[in-house]
Each structure stands twice: as structure tokens, then as C-alpha cells.
Amino acid sequence: MLKQTEGSRAVAEAVALCRPEVICAYPISPQTHIVEALGEQVKSGALVNCEFINVESEFAAMSVAIGASAAGARAYTATASQGLLFMAEAVFNAAGLGLPIVMTVANRAIGAPINIWNDHTDAMSQRDCGWIQLFAENNQEALDLHIQAFRLAEELSVPVMVCMDGFILTHAYERVDMPTQEQVDTYLPPYAPRQILDPAEPVSIGAMVGPEAFMEVRYLAHAKQMQAIELIPGYAEEFRGVFGRDSGGLIHTYRADDAETIVVALGSVLGTVKDTVDEMRERGISIGVLGIACFRPWPLLAVRAVLAGAKRVVVLEKSLAVGLGGIVSANVETSLAANTCELYAVIAGLGGRPITRASLHRVFGEAIAGKLAHLSFLDLDHTIVDRVLAREQQTRRSGPIAEAVLRDIAAVSGLRAKDQT
Amino acid sequence: MTYLLKPKLHHPTLPANRLGYTRRDYEGKISTLCAGCGHDSISAAIIQACWELAIEPHKVAKLSGIGCSSKTPDYFLGNSHGFNTVHGRMPSVLTGANLANRELLYLGVSGDGDSASIGFGQFAHSIRRGVNMVYVVENNGVYGLTKGQFSATADKGSKSKRGVLNSEESIDMVMVALQLGATFVARSFSGDKAQLVPLIRAAIEHKGSAFLDVISPCVAFNNHEGSTRSYDYVREHNEAVNRIDFIKTRDAITTDYAPGTVQDVPQHDGSVLRLRKVDAGYDASNRVTAMNYLQQRAQQGEIVTGLLYVNADSEDLHHHLNTVDIPLNQLNSKDLCPGLAVLEKVNAAMR
Ligand SMILES: Cc1ncc(C[n+]2csc(CCOP(=O)(O)OP(=O)(O)O)c2C)c(N)n1
Ligand code: SF4
Ligand SMILES: [Mg+2]
């Protein structure tokens, strides 16, 4: 059924259709609306056979989900940013134990400095712990991915994180096609755990494992992710069969077949990227898009195949490996193998900095002209950065950085205003 | 974060304290909280107490976590040191800062979510260590900043704005602080400035963990019928056990009290804390009877306020750790390394 609704509410409805049995969460922007909507559904009786627990922290949220999942319940939680970091130990735990928990991450920057706006730093910080990570491009895909996530998680007994851009998606009212309960029930069978705490058949979970077996257990987590690479395209295919639309899968391409320049990105920014690419195509420029829908496992071969004919690849990413550069681009590099095309990492949108078409035109144009640095920061204010660096050279006690930047912005904008008069 | 600075215009008739500062000198930026939020009244009380005590602003460190309450240090003592930590971690960061520099007055400002939900462990351990600090919890029973979900201090049976009853037991932070050995424990109400300001003053003068639970209604999400943290409910159920008349020894005692109606608590610096009893039977120097009394009254739905417990012989973390009087961050290598000769002597003593 088509409806106009907020991204968070759409996701909450989709999760409810998946018949979760335990939902545990702690509020944090921009995730809160999702679990609030689910809490309402449980309280009102619209969502039956489900316990909603208002836990006291994210660490408790993931721990409760671990317990619930191990006891055989379909468990769901959601978080963002600081919340994801605060639960990090339990996030690794869920992965190591192979418990099929589904979690929404409403992507938001990480402090300090505290910032509530969108980027991908939170999800990227947990990229290598053994969770499957899916990134939604729009609200329709966000809700669809949750349905696929439960299927995938439970088939493999692996936790799945569905990442959706905070505010840009969670708080945007868009039209979505909400599936029916019958459709979801057709697609998602009842939870049949691969491991369960069952009084009739006692097992213990969480054994201490020494050097003799640890490598094997970790390898098996990796093997699960490799299996996911095989399963995900088929699940997307099946999804199309039941729901009548394309959603999920490993990657999405757009005008990429013959493109000399391919832009790689993930999440909601793909919309702006596609609009920009359309405008550039109109001007006769050979450019296309590769959207990464599944970031973990990394779709190595699928990405390699798309990039095979490209002369240059521009990776636009909302995260920064401090001290290295791009995170997504480092992953893309593993797919390039013998391909010697130019690879550009463009760090953009950190802490919610808008990514505009004007800036994308400029940066893609620079890449095509061979004028772009291999690592660049979209719309970074160099004047401000240089002032801070210069001051640090002059003064030993240069003070807290964020506060200095805020002061400098005020000072520099004052200077600029004066320049104009 | 707000960047709205208050204009620094002082009315010439504003009274100045011993240091020559007016109350305005203890203010901060313009508050961005909801109009009527209890937290703003607590900020005003902190300003008043610090002005009255003539605290030197640069000798104060304000620390907070995350929440509407934790935003308030931006709105008072604009000339003091400030540190916004992450959600629930203020007590630990404060402990570290206090260890490194014992000379500052540590003012920890937190919320019930910040301290009783996500930061409960940090709260508990900072109290049981006896960190020398004033720990203020601005308690509204909800997570104001994330729009009004019940926190761990919400009373069982109280009703949310959406009409949902809280089914879980609440944490009474005053009881916890008492049990964990806090040497100064008080509860007050943001709407009772006459009670709150002297309590903050007394807490500042106290050496050791001073814990203040201040009921502070959230007008946006927890001020309705059925809430036990609304202005109306707290006014109706507030039972003050005593009032502080803070009296320094050099001040002449001018008021006459009926026998049995005052309790004098001598302080470290030789001053006397004079409690005017509202409940004649209440003994603020006895931890166990205080806990019993609080439990009994809580059962009857009363919110007991006042200085609930104070230990006149309190000690703090530095005392337990036997640290030197000089702040650790001021020790230089000469202090820390007594030299080869001393080492030889120490070694010789062990041979
Ligand atoms: C790790 C983490 N989880 C969640 C949040 C979101 N969050 C911010 S403030 C807050 C609750 C604040 O409640 P309280 O301390 O009672 O302060 P109030 O706003 O009521 O004054 C929450 C859940 C966060 N900032 N960090
Ligand atoms: S939401 Fe509540 S706690 Fe926050 S500023 Fe408004 S009234 Fe105060
Ligand atoms: Mg609160």
C-alpha cells in the first residue's frame, strides 16, 4: 500500500511486519522515532507476541538482544552514533556468537566534538567485527532491507545492521510502498534458530576458546560472510518476486556500463550523485554510478566487474580513516586488482556538511581533468584549518580544537564581511 | 550549544560580593532550554550560591554529561572551566580531573538519565570513592533531550505525557548515595530557591562527595496530571525536614530558636552549619535513621527534602589515597625524583 510517511515510521512498520519478539532500545537521535513507533505498536496491541524493553543504555540494549536471540526470540534493536560505540563490546559479541540480531543504525557522526548530524563514521567503526552491513539509498529501500535482513540473518545465523542516513532518511517524509503482512510472511519464514538455549537440550554459549581453535572460529565468521555474498543477490531476486520491486542486493549501478568515470558511494547521497551524473551526461560526459548496497561482506568481484572498463573511479564517502584517508576507497582498491585506473577518495559530508550538486560537479570535473588530489576533502575550509595549524606552531598551549575552530569561523566571517564593504 | 552571549552591561546598583563581583559575573550564556524548565532555576541557584560565597570563578570546574541538564553549565559561571563529557561519563572524567588537580572546586551537573540510567555505574563509583565534588542531579524523571521517555528515576505508576504508566521500580538516587557512603546528601526542588541556594552553598563547603538530588520539572514532557515530577505534584508532596541557616563562626547568632529545633553541624573550616528543623525528630547526622525515615516517607508518597545527611568528619579520595597537598599536575621532576642519593639510602635500608 502506498503511503506518505516518515522514514523512521516506515522502518518501524516494516520491522513490526517481520514479527519481532523482543525489541530493546535506548533513545538517541536520530534513531529514536523508530523504536518509539515500535513501542507504541506493542503498547497498543497492534504488534502482538512482542516484548518492548526500555533499557538503560545501548550496552544493555545489545546485551538484552543477545540474550533474547540466544533464547530463541527474533530480536531487534536500533541505535546511532555514540550509542553504537557504547555498545561496541556487545556488538562484537553478537557477531562472535553468531546471533541473528537485526539492528538499524541511523547513521550519525561520532564525537568529540559532539555532533548529531549525518555521516557514516558510526557504522564504519564497526565494519570489521562480523556484522553484515547494508546501506539504504532511500526510505523505500530502508524498509525493504529490514525484511531482507531478518531473512539473511536467520539463514546464516549472523547479525545484520541496516544503515540509513540519520535525518536525511529517518526524518524525511517520503512516499513508500508498505508491504502487506501476507507478503512479509511469504518471504520471511518463522525464526528457526541454528543455536538456542533450550532446557530440553542444554548447551552452553560463550565458551573460552584458546589458540587451538580461535582462528577457526574467526575464519568461520568470515566464511559466513562469503556465503552471504552468494545469498544476497538471490534474496533480492526473490524479494522482487514477492514484493514486485528491486531492493537490496550487493550493488546498484546507474549509467555505468560504458562510463569512463565511475562514482562510487553508499547511502542517500546516491540520489544527489545520480542527479549530477544525469546533468553531466547531458553535456556529453561519460560518467556513471556504482552504489554499494552491501558494504559487509565487501562485494569484491561484483565491484571489480563494474569498474573493469573505467578510466577513473571517484569514491565519495562520508567517513574518514584518520591517518589514512578513505575507508570505502580502501575497500574499492581491493577490487581493482590489475585495473590501473585512477582512484580518487573524496571525503564529504562529515558531521552533516551538505553535499551539493555544485560541489559534485566541481570535484567530478577536476577528477576528469586529472586535477584532483587522490585524497581530497569536499568543501573543506582551508583558511580555518590553516589558522588553527599556524597557531599551534606559535603557541604551545593552543587550547581545545573545536572551540578554536568555532571562534575562528566567527572571526574569519567577520573579516570576510569587512572585506566586502 | 548556544553562542548567544549576554551583553556585559551591569546596572551600577547591583551589589558586589567580597571579591567585587556582581551576580552577573557568575552568569553564562543565554539559556536555550524551554521557558519554565526547572533546570534554569537550578542554574540561577548555583549562580546565587557562588556569588554569595564569593567563589573565584577560575577556581571552579564545571563538568557534565549529555542531556538538557548537562547543557546547563553553559548557562552559568561563564568565567569558569567547563567540560562536556559523553553521556553518563561525567563522574569518571571528574574523578580524573580531581585527582590531577585537587585545588579546583568540582561541580558535576547531570540528569537522571545521565546519572541513573546510562551512567549509573559511574555515579555509584564516584560516590563510593568519596571524590571531593558537588554532584547535582537535575531530576525530572525523563530524558528531556530525547523527548520525554521515562528515565530510571521515574516513579512506578507515574504517567507519561502519552498516557503510558511506568511499570518499573524507580531508582532513588538519594538512597543510593546514602548507601554508598556519600558524606553530604540533600534533596531539593528547583522551585524552592530559599531551600536550594543554602544547600548548594553547604555542598560547596563540604569536603567529600556532596550529592544533591534536585527535582526539576520538565515542562515539555513531564509536567502533566499523573506525573510525579510536575510542579504541582512536587509542591503538594514536598516534605522539608529542615532548612539551612548557614552561619559562619564570625557571624553573631542573632536568631533565637526554641530548644530542640536546631541542629548544629561543625564544619572543617571551623564554621558551623545550622539546620533549622522542620521535623523535630529528624537527625541529619545519622545515616541509618535517615535511610529508614526516607523509605517510610517515600512509601507514603512524600518527597522528603532538605539536608538529609551530613558527616562532619568527612574525608575524601585524596585522603584515602594519601596524596600530597600539592596538586599532582603541579609536581615537577624535582618533586617526583628525589635523586640518586635518596635512592641509595632507600636501597641501603633494605639490604
Ligand atoms: C551513548 C548515548 N546514548 C544516547 C544518547 C542520547 N541522549 C542524549 S541525552 C539523553 C538522556 C538525557 O536525560 P537526562 O540525563 O535525564 O537529561 P534531561 O534532558 O532530562 O535533563 C539521551 C538518551 C547519547 N547522547 N549518548
Ligand atoms: S525538554 Fe524538558 S528538560 Fe529539556 S529544556 Fe525542555 S523542559 Fe527542560
Ligand atoms: Mg532527565
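Me: How many nonpolar, polar and charged residues does the shell around ligand 2 have?
Reply: Ala, Val, Leu, Ile, Met, Phe, Trp, Tyr, Cys and Pro count as nonpolar, Asp, Glu, Lys and Arg as charged, and the others, Gly among them, as polar. By that count, the shell around ligand 2 holds nine nonpolar, three polar and no charged residues.

Me: What kind of model is this?
Reply: Residues are numbered from 1 along each chain as its sequence is written, while chains are lettered from A and ligands numbered from 1 in the order in which they are written. Local features need pLDDT of at least 70, side-chain atom pairs count only at pLDDT 80 or more, totals for chains, interfaces and linings use all residues, and the structure is a predicted model.

Me: Which residues come nearest to ligand 1?
Reply: A residue is near a molecule if its C-beta atom, placed from the backbone, lies within 6 Å of it. Ligand 1 has 25 residues around it. Those that come nearest are Gly67(B), Ser69(B), Gly111(B), Gly113(B) and Gly144(B).

Me: Why is the site of ligand 1 shared, and which elements give two or more residues to its shell?
Reply: Residues from chains A and B surround ligand 1, so the site is shared between chains. Helices (H or I, at least four residues) and strands (E, at least two) are DSSP runs, numbered from the N terminus. The elements giving two or more residues are helix H4 (81-86) of chain A and, from chain B, helix H2 (68-71), helix H4 (112-117) and strand E5 (142-143).

Me: How are H11(A) and H12(A) oriented to each other?
Reply: Axes are lines fitted to C-alpha atoms, for helices over the stretch in contact, and angles run from 0 to 180 degrees between N-to-C directions. The axes of helix H11 (residues 300-307) of chain A and helix H12 (residues 328-336) of chain A come within 8 Å and cross at roughly 75°. Angles under 35 degrees count as roughly parallel, over 145 as roughly antiparallel, 65 to 115 as roughly perpendicular and the rest as oblique. H11(A) and H12(A) are therefore roughly perpendicular.

Me: How far apart are the C-alpha centres of domain 2 and domain 3 of chain A?
Reply: Domain bounds come from an automatic or database domain assignment. Chain A is divided into domain 1 (2-243), domain 2 (251-377) and domain 3 (386-420). Between the C-alpha centres of domain 2 and domain 3 of chain A lie 32 Å.
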